[in-house]
Each structure stands twice: as structure tokens, then as C-alpha cells.
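This report covers side-chain contacts. It takes aromatic pairs and then salt bridges.

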Amino acid sequence: HPYLKIKNYQEKIYKSIKDNKVSILRIPNIIGEEDVNFKRLIPFCFGSYISNKEIKLNSQPTSLREYIFKDKLLDMLYKSTELFDDNIVLSNFEVIEQINNSLNYFDRPPFKIKWGNNSFNNKLDKNNLKIDNINLNDLKVDFNRITWWYLENSKYVKNQFEKFGNL
């Protein structure tokens, strides 16, 4: 991604300045309730889902991203604890599967995703799961909480998504 290249270049410049007293804090992708930035994976999928629109993603299902849940990040910042111990790395595929599990928990149909020109069958090969050193129950609770927020605020999400589509 061009953005990441520029960001890394800027960091190198900052680090190269003699007597630099600036620390660089890299925050992973933040996920949580109340996010209606539809340029991001989870809000876009929920906006499309709630608006009964096809969910077509141009990213690869196997692309990995580092995430932190919003409440865990805020907790760490307020308590000044060691930052980012709670980061998780999930593929786009795994994020969608976690949300589909939450939708199922709330008796809702799953996302039907099209990845580029190919449809995605919403099945996760458990042998490829990359989330080994996190508490799966915590992950489930976090995704259930996010899913519940989008479902409970569906009118607001739909309204914001329609505004996004008209930009």
C-alpha cells in the first residue's frame, strides 16, 4: 500500500534526526462499536448487510491485518499498561467468519461476500486459523458486542451508509 510506504519513510526520517526525543506509537487497526467509517472492512460489510446491498470486497481473503479492540486500546492508554499486548492478527477471511459466527448467535443470516470476481462460501478451514495465542472466548465476546451494536443501531448505520454511497 502506498500509504504504508509513506508512513514507513516518515518514521525513518524522524528516527534519523539527531537527538530526536519523539517516540513513534504504531497503533494497529482499531475495531469496535460506533465505527461508521465505511472505508474499513467491518463497517463496510455491516453497512452493506443492513442496507441489503451486495458485499463485494477487492481485498484478498487471506490478507492479514493486525487489530486491537477499541475498548482494550482505551483501557491500555488510560492505565498506561504495556501497549498492544492484546493485538490480534486475523485474515480478512477470519474477520468475516467471526462476524458470521456472531450473526448466527443472534439468529441472523451470515454475510455473503464476493471477493473480487469470486464468491466466498463463508467456510473457514480450521487448519488455517492463525489466531492461536488469544482467548477464543474473549474474541467471540468482542465480536458479539460489535455485531450487536451494528444490529441495534441499524437505522443509524443504514442512514450513514447511504450518505457514504452518495459521496
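Rings of Phe, Tyr and Trp (its six-membered ring) pair if their centres lie within 6.5 Å; planes under 30 degrees apart count as stacked, over 60 as edge-to-face and the rest as tilted. By this rule there are 11 aromatic pairs. One of them joins Phe 38 and Phe 164: the ring centres are 5.6 Å apart and the planes meet at 50°, so the pair is tilted. Phe 38 sits in the loop between strand E1 (29-31) and helix H2 (41-50), Phe 164 in helix H6 (residues 154-165), so this pair ties together parts 126 residues apart in sequence. Helices (H or I, at least four residues) and strands (E, at least two) are DSSP runs, numbered from the N terminus.

The model is predicted: local features need pLDDT of at least 70, side-chain atom pairs count only at pLDDT 80 or more, and totals for chains, interfaces and linings use all residues. Residues are numbered from 1 along each chain as its sequence is written, and side-chain values use heavy atoms, with hydrogens and water left out.

A salt bridge is a side-chain nitrogen of Lys or Arg within 4 Å of a carboxyl oxygen of Asp or Glu. The whole structure holds 6 salt bridges, including these:

| Salt bridge | N to O distance |
|---|---|
| Arg 145 and Glu 33 | 2.4 Å |
| Asp 142 and Lys 72 | 2.8 Å |
| Asp 142 and Arg 145 | 3.0 Å |

Asp 142 and Arg 145 are 3 residues apart in helix H5, about one helical turn. Shared partners join Glu 33, Asp 71, Lys 72, Asp 142 and Arg 145 into one salt-bridge network.
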